[in-house]
Amino acid sequence: MINATPALKAESRDLNFFYSNGNQALKSVNMPLYENKITALIGPSGCGKSTFLRCFNRMHDLYPGNKYEGKIVMHPDNTNILEAGVDPIEVRMRISMVFQKPNPFPKSIFENVAYGLRVRGEKNKRTVADKVEEALKGAALWNEVKDRQQDLAFNLSGGQQQRLCIARALATDPEIMLFDEPTSALDPIATANIEELMSELKSKLTILVVTHNMQQAARVSDYTAYMYLGEMMEYGDTDTIFTRPTRKETEDYITGKFG
Amino acid sequence: MTTETLKTKASVLENLVAVRAMIRRHKRNDVIFAAIGLIALMLGLLTLLTLFIDLVMDGYPRFNLEFFSNFPSRRAANAGLLSAWVGSLLVMAVTFLTAVPMGVAAGLYLEEYAPKNWFSDLIEINVSNLAGVPSIIYGLLALGLFVYGLGLGESILTAGLTLGLLTLPVVIVSTREAIRGIPVAIREAAYAVGATKWQVVKDHVVKYSQGGILTGVIIGMSRAIGETAPIITIGALTFIAFLPPAPITEVAPFINFEWLSSGFTVLPIQMFNWLSRPDHAFHTNAAATGAIIILLTLLMNGTAIYLRYQIRKNIKW
Amino acid sequence: MNTATNMQNQSTALSISPRLAKNVRRNIKERVIELILMLAALSAVFTTFAIVAILLYESLGFFKVVSLVEFFTSTEWTPLFEDAHYGIMPLVSGTLTTSAVALAVAVPVGTIGAIYLSEFASHKVREIVKPMLELLVGVPTIAFGYFALLFITPLLQKVFPELPGFNMLSAGIVMGVMIVPYIASVAEDAMRAVPMSMREGSYAMGATRFQTAIRVVTPAAVSGIVAAYILAISRAVGETMVVAVAAGQQPILTFNPMDGAATITAYIVQVAMGDLPHGSIGYQSIFAAGLVLFALTLGFNIIGHVVRKKFREQY
């Protein structure tokens with residue numbers, strides 16, 4: 001395990017991205033995503049790390065005029081998920097996402113977690129209930145909410161809401177989970193909970209996380225990528241990036257000289 | 001290890017086939033709903049189109065000059081709109097002169113002067129409440145206040161004032177919206193060169209928002225021109241075979257206000273009158289009048305919407 | 001700014017310098033203008049009070065003759081007959097029945113239209129459809145009355161041969177079409193106010209447009225949509241010309257839309273067209289009916305605005 005090269009889950013190849021106003025937000029980005037590992041994206045705000053993350057579940061398709069060039073290939077089936085023939089919905093069913101701010105639906109706790117299953121047309125009540133329980137346990141929320149699953153999700157605290165959103169993303173057994181600065185709206189204790197959770201989750205799936213917090217990247221990730229102005233400046237295993245970065249820019253950013 | 005990966009690959013692919021089939025099914029709902037949604041929105045427009053075509057076809061025999069130059073008559077074929085369109089014109093003049101100055105002034109006060117306190121809140125609540133009061137209630141107000149209370153009778157003045165009050169909220173709201181679009185920086189620039197508040201309001205605020213105000217005024221006027229219920233309620237006579245005294249005379253002082261207290265009829269009242277006759281020949285007259293009223297209001301509203309579109313497109317700040 | 005200071009200026013400044021005197025004159029002019037503008041704004045308050053005062057005053061005369069018990073419990077409304085009865089209920093039943101038919105049409109059509117506009121329509125489609133809906137709102141109601149009486153009723157009579165020439169069904173349907181744009185635009189506002197992050201959450205789970213619209217956006221906007229319905233009820237209740245032309249003039253206590261029956265508004269029109277002496281009980285009866293109508297619409301408007309405001313505060 002320690003020395004074996006992990007399996008490739010997905011990779012971006014020469015990925016360019018243009019917003020509808022013509023701005024090029026990503027410039028020929030290449031990056032691998034290893035299975036059952038956590039990859040962290042760091043870089044100053046506006047560097048394109050969130051834009052890059054949102055390419056993985058085709059979120060940009062929601063807004064007209066955005067354009068991708070290049071590939072994101074998923075393994076083991078070798079599908080280029082950016083290809084015009086691939087439905088973004090299909091991609092999102094394989095790759096789920098947790099957002100910067102917790103965004104539960106105005107529904108009960110139970111229905112929030114069950115949402116992905118409902119969307120997939122799952123009718124069996126038993127199956128849904130089991131999956132919801134499993135996901136809530138997986139998101140370390142079960143003990144806190146098992147007796148009030150019919151309560152409105154808005155009544156939970158911020159940290160609980162974010163774990164609820166993780167449970168929601170988890171309930172459909174995704175292959176990859178995207179985290180877009182998942183703790184930026186949370187207090188330190190809730191942040192620690194989420195980080196611990198991510199480390200546990202990687203045994204089941206592959207994680208890509210955007211973070212503006214370098215300590216967080218160092219704590220949770222196996223691989224780290226440093227992005228700047230839409231370009232991939234440096235990529236490597238986290239220890240190397242944080243202790244012996246090869247590029248001056250990376251070192252400056254990590255040591256806080258800039259950013 | 002190798003067999004393991006292969007199995008995963010097989011299961012992923014199998015899963016993908018199922019997922020793709022499901023997405024196709026779900027997306028069919030998207031298409032169906034989009035079609036139903038468009039039809040739902042088109043229903044209103046389709047009704048309007050049918051209504052207009054129906055009116056034009058029913059009223060077709062009356063589309064000639066005599067229809068506009070004849071007074072109402074006992075014989076449907078000879079009955080015309082002369083007194084009605086003249087009445088509409090005069091009533092609208094009074095409405096315009098009441099609603100526009102009052103509405104713009106009230107809008108200016110609420111946006112530029114009113115302090116944030118209970119008094120301003122009271123005015124605001126009243127304006128938004130008035131916009132929701134049924135028009136026939138304005139008719140009852142006018143009947144009690146203008147016709148009998150102030151003794152103005154069933155006159156052009158009464159009708160004009162009534163429709164003026166009815167239009168007031170429309171003008172106030174659109175004035176405020178137009179003013180709100182003007183950035184504070186422009187006001188500050190004017191104050192900085194020593195202008196008084198009124199100079200700022202008159203030379204800048206009103207000037208830059210006049211397009212938006214005009215849009216609201218046109219929409220308000222088009223609403224007033226088609227209003228029927230309040231005019232009926234004040235007891236307007238419906239068989240008027242005379243014209244009010246001319247507002248402009250040939251002898252000094254050239255202006256005559258007698259027309260204000262004259263009896264009158266207006267287009268929608270004339271239409272209602274013809275429509276309520278048992279003799280179906282008069283329905284033809286009603287249809288022709290209806291077509292004219294619709295055309296008139298569509299033109300006015302169309303102009304207002306186009307104007308607003310132009311203003312939004314050319315906005316500089 | 002401060003009145004007291006201005007007054008002081010006025011008394012002492014005149015003797016001091018012409019420049020200050022000019023300032024004083026200017027300040028007075030500014031104050032007078034502000035006062036005039038304020039009076040214009042007060043006209044709104046005045047109108048509301050005048051409406052309430054007139055309705056109450058004339059109704060008071062009515063209720064000197066008619067007891068409130070009879071007004072609310074008698075099932076006959078015949079103020080102009082020899083044997084006069086003054087029960088408002090037949091008019092209320094007509095009003096509620098026509099409004100119910102109108103809502104049965106306008107609620108589904110308006111809601112579907114709103115969902116389409118907010119979640120499905122492209123920017124271009126929205127830019128075309130919304131002004132068209134505005135045009136529809138601007139059409140005078142008397143024209144719709146003609147349409148109900150001479151187009152829709154004959155059409156309905158082909159399906160229901162026993163349908164009378166004046167009936168609440170046809171008036172209600174046409175009123176419903178008239179109200180669709182109101183529901184569509186208020187409900188669309190509510191849906192567009194739902195934050196994008198919530199939609200993204202749904203799409204990220206692999207939901208389709210339809211699933212997102214029905215399962216997430218609509219429930220999130222539900223109070224705004226309900227407000228749209230309530231405001232629509234208020235419009236339907238106050239609508240006059242369509243019912244006056246097409247629904248009938250007989251005050252009958254019935255909730256069957258296939259019947260012809262008078263509404264509150266139709267009764268007011270009917271009496272106003274006649275020649276009733278000022279101060280007679282018949283004259284006063286339209287103010288009593290108007291008072292009920294005003295109370296109904298005011299009630300619905302207030303509830304609608306409260307619900308809508310609450311919704312806005314949510315986000």
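User: Which residue forms a salt bridge with C:Glu200, and how far apart are the closest N and O atoms?

Analyst: A:Arg54 forms that salt bridge with C:Glu200, and the closest N and O atoms lie 2.6 Å apart. Keep in mind that this is a predicted model. The pair counts because a side-chain nitrogen of Lys or Arg has to be within 4 Å of a carboxyl oxygen of Asp or Glu.

User: How many salt bridges does the rule find across the interface of chain C and chain A?

Analyst: The rule finds 1 salt bridge there. Polar contacts come next: 7 residue pairs across the interface of chain C and chain A, both residues at pLDDT 80 or more.

User: Which helices of chain C supply the side that touches chain A?

Analyst: Helix H8 (196-204) and helix H9 (209-220) of chain C each supply at least two residues of that side. H8(C) provides the largest share, 8 residues. By class, the side of chain C that touches chain A has 9 nonpolar, 7 polar and 2 charged residues.

User: What area do chain C and chain A bury between them?

Analyst: About 1,800 Å², with 64% of it on carbon and sulfur atoms. The contact takes 18 residues from chain C and 26 residues from chain A. Now look at individual residues. In chain C, the ones that lose the most area to chain A are C:Glu200, C:Met205 and C:Arg215, together 38% of what that side buries. C:Glu200 is also the salt-bridge partner of A:Arg54.

User: Turn to chain B. What area is buried between chain C and chain B?

Analyst: About 6,800 Å², and carbon and sulfur atoms give 80% of that. In residues, 73 of chain C are in contact with 75 of chain B.

User: How many salt bridges are there between chain C and chain B, and which residues form a salt bridge?

Analyst: The count is 1. C:Glu134 and B:Arg308 form a salt bridge, with 2.7 Å between the closest N and O atoms. The rule also finds 11 residue pairs in polar contact across the interface of chain C and chain B, both at pLDDT 80 or more.

User: Which helix gives the most to the side of chain C that touches chain B?

Analyst: Helix H2 (residues 18-65) of chain C, with 20 residues. That side has 50 nonpolar, 16 polar and 7 charged residues.

User: Now the sheets. How do strands of a sheet pair?

Analyst: They pair through backbone hydrogen bonds, either parallel or antiparallel. In chain A, an open sheet of 6 strands runs in the order S6-S7-S8-S3-S9-S10, with mixed pairing. Its edge strands, S6 (95-98) and S10 (231-237) of chain A, each pair on one side only. The twist averages 20° from one strand to the next.

User: In what sense do S6(A) and S7(A) pair?

Analyst: S6(A) pairs with strand S7 (residues 176-180) of chain A in the parallel sense, over 4 bridges. Find A:Met97: it stands opposite A:Leu178 in S7(A). Helix H6 (residues 158-170) of chain A packs on this sheet, touching S6 and S7 of chain A. The direction of H6(A) makes about 175° with that of S6(A).

User: What is the order of the open sheet of 4 strands in chain A?

Analyst: The order is S2-S1-S4-S5 (chain A), and the pairing is antiparallel. The edge strands are S2 (24-34) and S5 (79-80) of chain A. Strand S1 (residues 8-18) and strand S4 (residues 67-74) of chain A pair over 7 bridges. Within that pairing, A:Arg13 has A:Lys71 in S4(A) as its bridge partner.

Methods:
Residues numbered from 1 in each chain as written. Chains lettered and ligands numbered in written order. Predicted model: local features only at pLDDT ≥ 70, side-chain atom pairs only at ≥ 80, totals over all residues. Heavy atoms only, no water. Contact = heavy atoms within 4.5 Å. Buried area = accessible area lost by both parts, 1.4 Å probe. Polar contact = N/O pair within 3.5 Å; in protein donor to acceptor, adjacent residues only side chain to side chain. Nonpolar A, V, L, I, M, F, W, Y, C, P; charged D, E, K, R; others polar. Pairing = 2+ DSSP bridges. Axes fitted to C-alpha atoms, helices over the stretch in contact; angles between N-to-C directions.
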